[in-house]
Amino acid sequence: MNAIDGTDRHIKSTDGPPPSLLTIILDTNPFAWAHLSSILPLSSVVANLLVFINAHLASGNANEVAVIASHNKRTAWLYPTPAPVSAHNTNGDSSSRNGAATHTQNANKYQPFAEVETNLLFNLDNLLKTTTSDDLSTTTTQIAGALSTALSYISKSTIRHSPVDPTLLESHALVIDDGNLTSQRVNLVSRILVLSVSGDLASQYIPVMNAIFAAQRQRIPIDILKLAGDTVLLQQACDATGGIYMAPESPQGLLQYLMMAFLPDATARKWLVLPSAGSVDFRAACFCHRNVVDIGFVCSVCLSIFCSPNLPDSTCLTCSSVLSLGGAITAAPALIPRKKKKRKRVAGDGSTPGGSATPLPGNGTPVHP
Amino acid sequence: MADSDGEYIEASDDEYMGGGGSYGTRGHGKGKKGQRGDGRAKNAWELSAKTGLESYKESADGTIGKSIQEREEERKRKRWLVNTMLDAVKMPRRRRSVDLSIYERDPEPGIDYTMLPSLPYRTVSDPPVPRAVLLRKWLRKDTKAFQRGIIRHVVLVLDLSEAMLEKDMRPNRYFTMIKYTQEYVREFFEQNPISQMCVMGMHDGICIRVSELSGNPADHISAIQGLRDPKSSTSKEPKGSPSLQNALEVSRATLYHTPSHGTREVILVLGALLTLDPGDIHKTIKSCVQDRIRVSIIGMGGRMHICTEIVSRTNSGDESGYVVATDQELLRELLLATTTPPVIRSSVPTTDGAAAPAESGASLLQMGFPSRVIEDVPTLCACHGNLTRGGYTCSRCKAKVCSLPATCPGCHLTLILSTHLARSYHHLFPLRNWIEVSWQRAREKGSKQCMSCLSDFPEPPSSHTENAAESLTSAANGAVAAATSHIIAANGRQRSGDDSNEDELATASESFRYECRECKSHFCIDCDVFCHEVLHNCPGCLGGAGTRNDEESADTEMNG
Ligand SMILES: [Zn+2]
Ligand SMILES: [Zn+2]
Ligand SMILES: [Zn+2]
Ligand SMILES: [Zn+2]
Ligand SMILES: [Zn+2]
Ligand SMILES: [Zn+2]
């Protein structure tokens, strides 16, 4: 009868799935792709990725996409195209940039698809052309920068979509638990997909960790498709943020992995059985050599992790406080207070005159007669 | 001191018969003058108890304002300071939740009441401060790389005295406090995952233990919930008076065994404006200082001199740990503010005879970072003896534990997720504040878009006709630039005396751009806030934007 008297009118304010923003981080590390080229060349990956992006855009009218390249020494936007830094005046919104990305109108192609494709290919081409030999001096990729950029972009897009006063950051959203405002705040569903081919990410341990916590706090899942390289950090990113981790055995079937595992957004994932990560490697990277360790020595002041207790001058390499080694070898950094007897004695020998009014811990007898 | 005890009981009984609620305040410090001899201390205590009683009786049927005046006179007459400031009456309600810094600069205790109106409290009639300014102000907090105590041992003391039945918070102070402390405990362990906490209550003159010192938030939350649940055996109705001395003594005893590399903190939520102590609280304060316990107090309604003294002496002269919540919103914020790990001081200035020992003995702790396993067949866990299908295996002895952080039941290795440690790194390697960008600088850089979110910046006006162009831009850019005039106006009346670090003022940038000093990238205000509040990374530095400053950016990359 509810439907007749209209009492359920307010239950649903919007129908249809909320808009979804997919941010893809493409690892463009030339070394890794050179290594992979016999199995899976970058060109076919990009082609597969474009199909995937089109599928995402097609599955919702308001869906958006952003692509960031995580290159060797820098990160670069692949889509949307950033404005070139010059004194030249530009007018127009950020989605259709002027200058380079002038795509030829093709009547046979859905306009948004064409736009993404032209921009992405142009920017990727540009990035690879401007890669100098100096850029290739490192063999790792700027995944921390790419994640940070992606998170900032998502945060801004969320603000843009949100009708609520954006002074209330995510941290303060706890205040509003009357549901109404909260439900409006999360009306853009975002996720990050990292297509990773590089290993050796331990050098960016702290910034990547910071990014993971930010994503966790914003409830943005980080999905990882790992085609090559070691897994330590990124697997933790998935686990902490509730993303999907996959390391396909046969990378040739990339498109199928993308479409099957990574296409559903957070709204759809609630009803799906997701590929589970199984066991997760939670080891940390030591600060001294960037080794991955499972037993470490932690500075009690700054929590830096070291792989051996023999530090030069027994000072912490990060915060230079002098560290005593005692606690490291004898186990238990006392987690639970033991001996209750001792506590009583201490309470008694304090400056309590008469002592009668100081209760022993747990003794609930009031003072009043 | 049986004599003193008699006084104490009598006094409290009379107070309740007076039926005037809990606004009686009895100062029994001599003021800020310092130490007293022991013999005199007893004397002082007894005298103050008496005068307190008298003053209470006088004011029991009067208004609050009247009782203040009476106490002022009394102070002159008898040299005993009565330190109460009912600033709740004068302080306007806070409108935005952002402007915390203003309230942290509380007035000096014992100050003349006539000084109150000149304090920098914003009144409701003030013009609204633009959002950008508010956001920037909010950001000016801990961007200095202090050493912080990351392994904390905290005793949270809740006031369960009669004063908590006051209805200035909804439904009353007691329920509000219970609700917020539960949230607080959760947030505390989120921020300080390898810390320990213990909850106590000041109830009817004594200090009761609500939960034991442990690192498991669920224990504390359920124990706090048990306080207000009438069906629970541990439920406590607010009753009687609080005793700061008892609370401090029990806390001191609890923290006595904690290892020296962690902090020892007491966080007191105090609703009452009185404390009924069995002895000389100054001795207790002194022993707290010796045991390097730091006390922070969140008061309600008004300030008490004794609290200022406790906080200032246990924090080597820093009084900022004593704050007063005037409404529930502020109470919540003040509580949450204490989740940030405290700064570690290198040398403690010795203000009194008892020289405080070195703040902490740093040490190197061995910890294991176990990996998670999933098993096909359930096996027994080492911690509870339950059959489980997965868990974490100790890195040293391969015993299986259910959850982290934990101490391995087999080999006593501290097992922890590396993410637990990493959560604190942004306190240690904070992101430097970004600076405002003038139009001049914006032209120089030619930046058009925010580095990280690609939103457009307004065009710089041509240099000679700045003002004219300004209005043009705002007209053209509509909603975005509508705030321009507000912000410019606000720049003029920038509040002085900002306790911002370094030389920066929390102003909004005239060009809407904010520049990272390392990589020289320009960002918008939203990214500025997001990067400093949530992310703690600079997308520009990490993204290799500062190619000219390669050494610097490499350095930040290492440090976070
Ligand atoms: Zn090492
Ligand atoms: Zn250290
Ligand atoms: Zn267990
Ligand atoms: Zn073990
Ligand atoms: Zn931005
Ligand atoms: Zn930077």
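Student: How many helices and strands does chain B have?
Tutor: In this predicted model, chain B has 21 helices and 17 strands. A helix needs at least four residues and a strand at least two.

Student: What share of chain B is buried?
Tutor: Of its 560 residues, 60% are buried. The cut-off is under 20% relative accessible area. Chain B still exposes about 21800 Å², and 52% of that comes from carbon and sulfur atoms.

Student: What makes the zinc site (ligand 6) tetrahedral?
Tutor: Start with the donors. They are the SG atoms of Cys516(B), Cys519(B), Cys538(B) and Cys541(B), at 2.2 to 2.3 Å. The limit for a donor to zinc is 2.8 Å, so these four qualify. Now the angles. The four donor atoms subtend 106 to 112°. The label requires all angles to lie between 85 and 135 degrees, so the site counts as tetrahedral. For reference, the ideal angle for four tetrahedral donors is 109.5 degrees.

Student: What spacing do the donors of the zinc ion (ligand 6) follow along the chain?
Tutor: The pattern is C-x2-C-x18-C-x2-C. Cys519(B) sits in the loop between β16 (514-515) and β17 (522-523) of chain B, while Cys541(B) is in helix α20 (residues 539-542) of chain B. The pair therefore ties together parts that are 22 residues apart in sequence.

Student: Are Cys519(B) and Cys541(B) buried or exposed?
Tutor: Cys519(B) has 5% relative accessibility. Cys541(B) has 7%. Buried means under 20%, so both count as buried.

Student: What does UniProt list for residues 394-411 of chain B?
Tutor: An unreviewed UniProt entry lists "zinc finger region: C4-type" for them.

Student: Why do β10 and β12 of chain B stand at the edges of their sheet?
Tutor: The sheet is open, its order is β10-β11-β12 (chain B), and the pairing is antiparallel. β10 (371-380) and β12 (400-401) each have a single partner strand, so one side of each is left without a neighbour in the sheet.

Student: How do you know that β11 and β12 of chain B pair?
Tutor: Pairing takes at least two bridges. Two bridges join β11 (residues 387-393) of chain B to β12(B). That meets the cut-off, so they pair. Thr393(B) has Lys400(B) as its bridge partner.

Student: Why is β5 of chain A called largely enclosed?
Tutor: Five of the five residues of β5 (residues 222-226) of chain A are buried, so the rest of the structure largely encloses this strand. Ile222(A), Ile224(A) and Lys226(A) point one way, Asp223(A) and Leu225(A) the other.

Student: Which way do β4 and β5 of chain A run, parallel or antiparallel?
Tutor: Parallel, with five bridges joining β4 (residues 189-196) of chain A to β5(A). Val194(A) stands opposite Ile224(A).

Student: Why does Ile143(A) count as buried?
Tutor: Its relative accessibility is 2%, and buried means under 20%, so Ile143(A) qualifies. Ile143(A) is found in helix α5 (residues 143-161) of chain A. Beyond its neighbours within four places in sequence, its contacts include Ile25(A), Ser70(A) and Val194(A).

Student: And α12 of chain B, what makes it mostly covered?
Tutor: Seven of the 10 residues in α12 (residues 328-337) of chain B are buried. Among them are Leu330(B), Arg332(B) and Glu333(B).

Conventions
Residues are numbered from 1 along each chain as its sequence is written. Chains are lettered from A and ligands numbered from 1 in the order in which they are written. This is a predicted model: local features need pLDDT of at least 70, side-chain atom pairs count only at pLDDT 80 or more; totals for chains, interfaces and linings use all residues. Side-chain values use heavy atoms; hydrogens and water are left out. Buried means under 20% relative accessible area, exposed over 50%, partly exposed in between (1.4 Å probe, protein chains only). Donors are N, O and S atoms within 2.8 Å of the metal (3.2 Å for Na, K and Ca); water is not among the atoms, so sites may look incomplete. Four donors count as tetrahedral if all angles lie between 85 and 135 degrees; four count as square planar and six as octahedral if opposite donors are over 155 degrees apart and all others between 65 and 115; anything else is irregular. Accessible areas come from the Shrake-Rupley method with a 1.4 Å probe; for residues, only the protein chains shown count as cover. UniProt positions are given in the numbering used here, feature names are shortened, and annotations may be inferred rather than shown by experiment. Contact means heavy atoms within 4.5 Å.
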